[in-house]
Amino acid sequence: MSHRAIVVDRPLPDARPEAILRRVETAAAALEGGIDVDVLFSSVNYKDAIALTGGPGILRSLPLTPGIDVVGRVRTSADGWSAGDTVITNGGGLGERFDGGLAERSAVPAAHTIALPDGMTARTAAAIGTAGFTAALAVQAIATAGVSPDDGEILVTGAGGGVGSFAIALLAARGYRVAAVTGRESLADALVDLGAERVLERSEIDVADGKPMQSSRWAGAVDSVGSTTLVNVLAQTSYGGVVAACGLAQGPDLPGTVLPFILRGVTLAGINSVEAPLARRREAWAELATLPVDVIDSIAPRTEPLERATTIAREVLAGRVAGRVVIDTRA
Ligand SMILES: NC(=O)c1ccc[n+]([C@@H]2O[C@H](COP(=O)([O-])OP(=O)(O)OC[C@H]3O[C@@H](n4cnc5c(N)ncnc54)[C@H](OP(=O)(O)O)[C@@H]3O)[C@@H](O)[C@H]2O)c1
């Protein structure tokens with residue numbers, strides 16, 4: 001028995017890895033502790049885009065199928081799941097340590113798998129995906145740390161991306177006032193429609209030679225950019241503010257000082273979606289399930305077939321995708 005999957009491998013020992021859509025043998029039990037599912041939808045996250053284009057640091061071994069998101073239907077009853085249940089898996093090693101969701105079949109890790117929330121469609125769950133899940137973890141980190149809507153504005157960087165777009169929608173739904181930062185002026189109206197009160201150009205935040213301490217502007221922030229942007233955001237965060245660090249779209253470095261921490265009591269909260277325990281997953285997805293479907297669809301309006309995933313990956317890395325793209329693995 002075989003199924004279609006995107007497989008990343010090196011054509012020659014020293015060559016750059018390439019992604020090819022092909023038929024692969026379906027292993028009976030591909031993963032210990034894994035649940036055997038028919039994949040319904042996946043998506044192209046930033047990590048998937050790197051893996052699909054042969055970039056380093058994501059796939060731990062080759063050949064491997066990328067795809068850190070799976071929305072799938074359980075094939076055989078096991079681990080408390082019944083055949084036919086629809087499940088969501090984000091991260092947990094999918095598409096990094098073992099074969100991921102850009103395939104018709106997958107074995108998803110039970111420890112990182114939850115049920116599709118009542119009333120949510122499989123496509124909507126994939127539209128949310130790891131990006132929305134990560135945004136929910138970030139927003140919950142800010143709220144749990146005690147930052148309330150009365151404390152001031154929350155900044156969202158990388159606002160036009162998947163994590164940023166969902167962060168805006170979730171923060172606005174909780175009553176926070178959101179300032180969105182984007183490098184794409186053309187997205188301003190869409191970001192306001194998602195719930196941003198105002199939209200700032202990247203250069204307004206990522207100031208060149210930014211001072212270690214700058215005027216207090218933000219009660220908190222969701223940052224998916226890292227590097228000098230995150231350093232400037234920390235320097236602009238008010239006393240007691242909380243900054244949730246989610247990503248590294250600008251870079252993994254953090255060339256700053258400890259002054260915001262020791263002079264303003266700023267908290268830098270690290271967000272990791274990959275290893276998040278089940279209880280955190282259920283809590284985050286319960287909040288995501290309250291977002292209106294038209295808001296989610298506006299963040300992820302496109303559904304593309306498996307064979308287009310690598311093309312979408314290039315668009316993501318070139319900064320040409322606003323929000324997210326869903327992959328229909330059966331198309
Ligand atoms: N911690 C976790 O568990 C976790 C989970 C998911 C994602 N992530 C990370 O979070 C980041 C965002 O993921 P995503 O899925 O939202 O990716 P995405 O959809 O590609 O969005 C990234 C956004 O960052 C902004 N950006 C890109 N290059 C930039 C640069 N050089 N300087 C400043 N801003 C830049 C762009 O926003 P504008 O065009 O609006 O400026 C872009 O849309 C990635 O680094 C990803 O690996 C981490």
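In strand S13 (residues 267-270), Ala269 is the bridge partner of Ala244. Strands and helices here are DSSP runs numbered from the N terminus, with at least two residues of type E for a strand and at least four of type H or I for a helix. S13 runs parallel to S12, and 4 bridges join them. Two strands are taken as paired if DSSP finds at least two bridges between them.

This is a predicted model, in which local features need pLDDT of at least 70 and side-chain atom pairs count only at pLDDT 80 or more, while totals for chains, interfaces and linings use all residues. Residues are numbered from 1 along each chain as its sequence is written, and side-chain values use heavy atoms, with hydrogens and water left out.

S12 (residues 237-245) is also joined to strand S11 (residues 218-223), by 5 bridges, and these two run parallel. Here Asp223 stands opposite Ala245 of S12. Together with helix H6 (residues 227-235), S11 and S12 make a right-handed β-α-β unit. Right-handed means that, with the strands pointing away from the viewer, the path from the first strand over the helix to the second runs clockwise.

These strands belong to an open sheet of 6 strands with parallel pairing, in the order S10-S9-S8-S11-S12-S13. At its edges are strand S10 (198-201) and S13, each of which pairs on one side only. Neighbouring strands of the sheet are turned against each other by 20° on average, direction ignored; the axes are lines fitted to C-alpha atoms, and angles run from 0 to 180 degrees between N-to-C directions. Strands of a sheet pair through backbone hydrogen bonds, either parallel or antiparallel.

Now to the ligand. Which residues are closest to the ligand? They are Gly160, Thr182, Gly183, Arg184 and Ser273, out of 24 that surround it, where a residue counts if one of its heavy atoms lies within 4 Å. The residues of this shell divide into 9 nonpolar, 13 polar and 2 charged, with Gly counted among the polar ones.

Polar contacts are pairs of N or O atoms within 3.5 Å. A polar backbone atom of Gly183 is 2.7 Å from an oxygen atom of the ligand, and one of Gly162 is 2.9 Å from a ligand oxygen atom. Arg202 has a polar side-chain atom 3.0 Å from an oxygen atom of the ligand. The protein covers 84% of the 910 Å² of accessible area that the ligand has on its own, by the Shrake-Rupley method with a 1.4 Å probe. Helix H2 (122-144) and helix H3 (162-173) are the elements that give two or more residues to the shell.

Definitions and conventions:
Polar contact = N/O pair within 3.5 Å; in protein donor to acceptor, adjacent residues only side chain to side chain.
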